[in-house]
Amino acid sequence: MGSLTVRAAIVSVLLLIVSLGAWEIAHHAPTDKAAVTEYEKLMGGATQESRLPAPSDILAHAGRELSEPFYDRGPNDKGIGLQLMYSVARVLIGYLLAALVAIPVGFVIGMSPLMRKALDPFIQVLKPISPLAWMPLALFVIKDSGISAGFVIFICSVWPMMINTAFGVASVRRDYLNVARTHELSRLKTAVLVILPAAAPTIFTGMRISIGISWLVIVAAEMLVGGTGIGYYVWNEWNNLNLTSVIFAILMIGVIGMLLDLALANIAKLVQYAD
């Protein structure tokens, strides 16, 4: 397994080097074939042809941004670290509130066939609704863009956690429940001491899915509401026609998303067990 990991890492690095090298070689600045008019000078250049920035330019820009990630020079000029902090904070607040609601409700659904059938129509109707569709309503009712973004995270995080919790609880082996009855455990003790440990891997799978969806949604939500956050950063840099910053921000979004997923995956390992 160790050898396989090392070989996979080597292949990944080689693919990265080849991809970036091909990108760098293929990149070249547009050249002017005609005389520059006064209008073109005023517009900042002679050609309408554009190119993606080269990897070397992005790397240089990343060095500058990461050397001072938490600066704050006004509403539209904040460091990448500060913008990411705003986004992560919104995600975690909405995510944790969703967990406080989804896991208990999922337990009720999983333990009670009556509640499962009663709540299933509501879940099936609300689950497919895009989280961003709630944004106008949230802005109207809450009247605060930051809290509205957190509400959107709450909405998109609830369903995977609730459904996975209900599935995990309903799938607990009958042998475990029979042992609990033999020891005359109450329903509460059975839920805490037997069902929760048995369903924990499935619950954490839902939590891991939810954190990924939350990070996807917060970027789009912040593009809509503006103000602060990595989504607003990307949109603001696009409006400034700074593609180097846009690509750098996209890479940072991917890195933070990977770290959030790894954190949940490592926590999930702590509750895994072998039958």
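Is Lys 143 buried or exposed? Hold that thought for a second, and keep in mind that what we have here is a predicted model.

Okay, the answer: Lys 143 is exposed, because its relative accessible area is 64%, and the cut-off for exposed is over 50%. You can find Lys 143 in the loop between α6, residues 135–142, and α7. There is something else to notice about its backbone. Lys 143 is not a glycine, and still its phi is positive, about 65°. Why point that out? Most residues other than glycine have a negative phi.

With 67% relative accessibility, Leu 241 counts as exposed.

Let's go to helix α7, which covers residues 145–170 and holds Asn 164. What is the relative accessibility of Asn 164? The value is 17%, so Asn 164 counts as buried, since buried means under 20%. And which residues does Asn 164 touch, leaving aside neighbours within four places in sequence? Those contacts are Thr 202, Thr 205 and Gly 206.

Last stop: helix α4, residues 80–111, where we find Val 101. Val 101 counts as partly exposed, because its relative accessibility is 35%. Together with Ile 93, Leu 97 and Leu 100, Val 101 forms a nonpolar patch on the surface.

Terms used:
Residues numbered from 1 in each chain as written. Predicted model: local features only at pLDDT ≥ 70, side-chain atom pairs only at ≥ 80, totals over all residues. Heavy atoms only, no water. Helix = DSSP H or I, 4+ residues; strand = E, 2+ residues; numbered from the N terminus. Buried < 20%, exposed > 50% of the residue type's maximum accessible area, 1.4 Å probe, protein only. Contact = heavy atoms within 4.5 Å. Patch = residues over 30% accessible without salt bridge, like charges linked within 9 Å, V, L, I, M, F, W, Y side chains within 5 Å. Areas by Shrake-Rupley, 256 points an atom, 1.4 Å probe, with all protein chains shown as cover. Salt bridge = Lys/Arg side-chain N within 4 Å of Asp/Glu carboxyl O.
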